[in-house]
Amino acid sequence: MLDRPLPQPTDVSRPFWEACRRHELRVQRCQQCAALIHYPKVHCPADGCDRFDWALMSGKGTVYSFIVAQRGFHPFFKANLPYVVAVIELDEGPRMMSNVIGLDPDQVHIGMPVEVVFEDVNEEISLPKFRPVAAQAGAPLAGARS
Ligand code: ZN
């Protein structure tokens, strides 16, 4: 198995990653103005508030934008070419960058309905990825080779 670059949770982002580990997609929510914030920040961009809770997302969204990676600049990613890097607009509003998996990259399109699926990488990190809503539960994750 190839070493792969992985997120390094910080004090600010750790609640997000801990939720992912429980297979929950949670987004930082300002306790003052209720803005949903992603990526996690120290202060709310709207009002500077530094008190947050972590709102549970439905895990549903649509492909807002995407590219198909054809070149890998790290051995792990090179071994998984081609793959889709996408900005997912969650139904609740926030956008997050992720991968769309479980289908041929040529089939991905903007506006495609997707849902989150978690790839358990190790004891600390589960990566939130997205697959077409139509995909059968339990189908193998094409992007989850390791
Ligand atoms: Zn706020």
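**Ground rules**

I number residues from 1 along each chain as its sequence is written, and I use heavy atoms for side-chain values, with hydrogens and water left out. Because the model is predicted, I ask for pLDDT of at least 70 for local features and 80 or more for side-chain atom pairs, while totals for chains, interfaces and linings use all residues.

**Entry: the zinc ion**

I looked up which atoms coordinate the zinc ion. I found C30 (SG), C33 (SG), C44 (SG), D47 (OD) and D47 (OD), at 2.3 to 2.5 Å. Donors here are N, O and S atoms within 2.8 Å of the metal (3.2 Å for Na, K and Ca); water is not among the atoms, so sites may look incomplete. The donor residues follow the spacing C-x2-C-x10-C-x2-D in sequence.

I call a residue buried under 20% relative accessible area, exposed over 50%, and partly exposed in between (1.4 Å probe, protein chains only). C30 has 3%, so it is buried. C33 has 35%, so it is partly exposed.

**Entry: D50**

Where is D50 found? It sits in the loop between β2 (36-37) and β3 (52-56). Strands are DSSP runs (E, at least two residues), and helices are runs of H or I with at least four; both are numbered from the N terminus. I set aside the neighbours within four places in sequence and found D50 in contact with V42 and H43. Contact means heavy atoms within 4.5 Å. I also looked at D50 and Q31, which are 19 residues apart along the chain. Their C-alpha atoms are separated by 8.3 Å.

**Entry: salt bridges**

How many salt bridges does the whole structure hold? I got 10. A salt bridge is a side-chain nitrogen of Lys or Arg within 4 Å of a carboxyl oxygen of Asp or Glu. Side chains of opposite charge can pair when their charged atoms come close.

I noted R14 with D11, at 3.0 Å from N to O. R14 is partly exposed at 31%. D11 is exposed at 68%.

I then took K60 and E115, which meet at 2.9 Å, N to O. This pair links distant parts of the chain, 55 residues apart: K60 is in strand β4 (residues 60-69) and E115 is in strand β7 (residues 113-120). K60 is partly exposed at 34%, whereas E115 is buried at 13%.

My next pair was E119 and K129, also a salt bridge, at 2.9 Å from N to O. E119 lies in strand β7 and K129 in strand β8 (residues 126-132), so the bridge ties together parts that are 10 residues apart in sequence. Salt bridges with shared partners join R4, E119 and K129 into one network. Are E119 and K129 buried or exposed? Both are buried.

**Entry: rings**

I counted 3 aromatic pairs. Rings of Phe, Tyr and Trp (its six-membered ring) pair if their centres lie within 6.5 Å; planes under 30 degrees apart are stacked, over 60 edge-to-face, and the rest tilted.

F16 and W17 are edge-to-face, with 4.9 Å centre to centre and 85° between the planes. Both are buried.

F77 and Y83 are tilted, at 5.8 Å and 40°. F77 is partly exposed, at 28%. Ring pairs link F76, F77 and Y83 into a cluster.

Last, I found R95 over the face of Y64, 3.6 Å from the ring centre. A charge counts as over a ring if NZ of Lys or CZ of Arg is within 6 Å of the centre and within 35 degrees of the ring normal.
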